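Here is a short tour of a few backbone and strand features. Have a look at the sequence and the model first, and then read on.

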Amino acid sequence: MSSNDLPASESPVAPALTDSPFRTEPTVRDEAPQFVLPLVVHIEKTAPPARTDALRTAARAVLTILSDERSHDEGEWAQLMRDWQDARIRKVVRRARGAEWRKASALPGITVTGDSAEVRVFPPVPLDGWPKELARLQVSGTDLDDPEPPAAPDPAGPVLWLNPDVDMSAGKTMAQAGHGAQLAWWELSETERKAWREAGFPLSVATPDPARWRELTVSGLPVVRDAGFTEIAPGSCTVVADHPALRR
């Protein structure tokens with residue numbers, strides 16, 4: 001269920017940025033200390049969250065910590081957030097239930113809830129310096145499904161579009177959705193960010209048909225491209241981040 005759990009982990013690519021933390025080839029960012037943004041999804045055996053809601057909630061969790069006052073200026077997480085974003089942008093999704101979830105929830109972080117999903121996001125940690133409460137959590141072995149077909153996305157709101165031709169585990173897709181939300185966040189003005197935050201970070205996650213996907217990838221919207229270290233081929237486009245303010 002992992003996205004980026006190894007030093008050679010996948011990262012999204014923003015080709016337009018000269019020194020992007022999402023480039024696949026080696027850059028000066030690889031010389032910096034490497035950090036990872038941990039996300040933990042609450043999955044009880046008897047009541048797992050719906051897959052699409054888990055994807056939405058993971059994306060909203062990333063946006064929530066990016067916008068949190070503790071992540072900026074002299075906030076308690078600010079230096080960690082800067083160090084993380086100065087190197088490669090890595091995210092790891094793990095799962096927890098019962099006592100594991102309660103122990104994880106006691107660590108500094110933010111829990112974001114959806115319709116059925118709970119995702120807790122934590123300030124970045126060194127790649128090889130995970131807290132023991134998180135390091136012991138499972139990364140793989142859990143599949144999530146939608147018990148009912150997800151509602152159609154709101155065309156007037158933000159949408160994270162998933163590649164219809166790429167098959168990814170739930171955890172990897174959650175991380176990819178988080179990457180897409182982060183790319184959109186970086187492209188917005190401060191005024192646009194504030195409005196999105198005050199609205200509660202509404203967004204949809206949906207899979208378009210192949211023809212629509214091809215249109216989206218050349219539309220000028222932010223595109224997540226996978227580095228190919230886990231599950232899928234290098235350079236695969238996984239998510240297009242579609243926000244009303246970014247539509248040209």
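How many bridges join strand 6 (residues 159–162) to strand 9? There are four, and the two strands run antiparallel. Within this predicted model, L162 is the residue that stands opposite V239 in strand 9.

Strand 9 also pairs with strand 8 (residues 223–225), in the antiparallel sense and over three bridges. Here R225 stands opposite C237 in strand 9. And how does strand 9 (residues 237–242) sit in the structure, buried or exposed? Six of its six residues are buried, so strand 9 is largely enclosed by the rest of the structure.

Most residues other than glycine have a negative phi. D73, although not a glycine, has a positive phi of about 55°. F201 is likewise a residue other than glycine, and its phi is positive, near 55°. The table puts each residue in its place.

| Residue | Phi | Loop location | Relative accessibility |
|---|---|---|---|
| D73 | about 55° | between helix 1 (51–67) and helix 2 (78–86) | 63% |

Terms used: Residues are numbered from 1 along each chain as its sequence is written. This is a predicted model: local features need pLDDT of at least 70, side-chain atom pairs count only at pLDDT 80 or more; totals for chains, interfaces and linings use all residues. Side-chain values use heavy atoms; hydrogens and water are left out. Buried means under 20% relative accessible area, exposed over 50%, partly exposed in between (1.4 Å probe, protein chains only). Two strands pair if DSSP finds at least two bridges between them.
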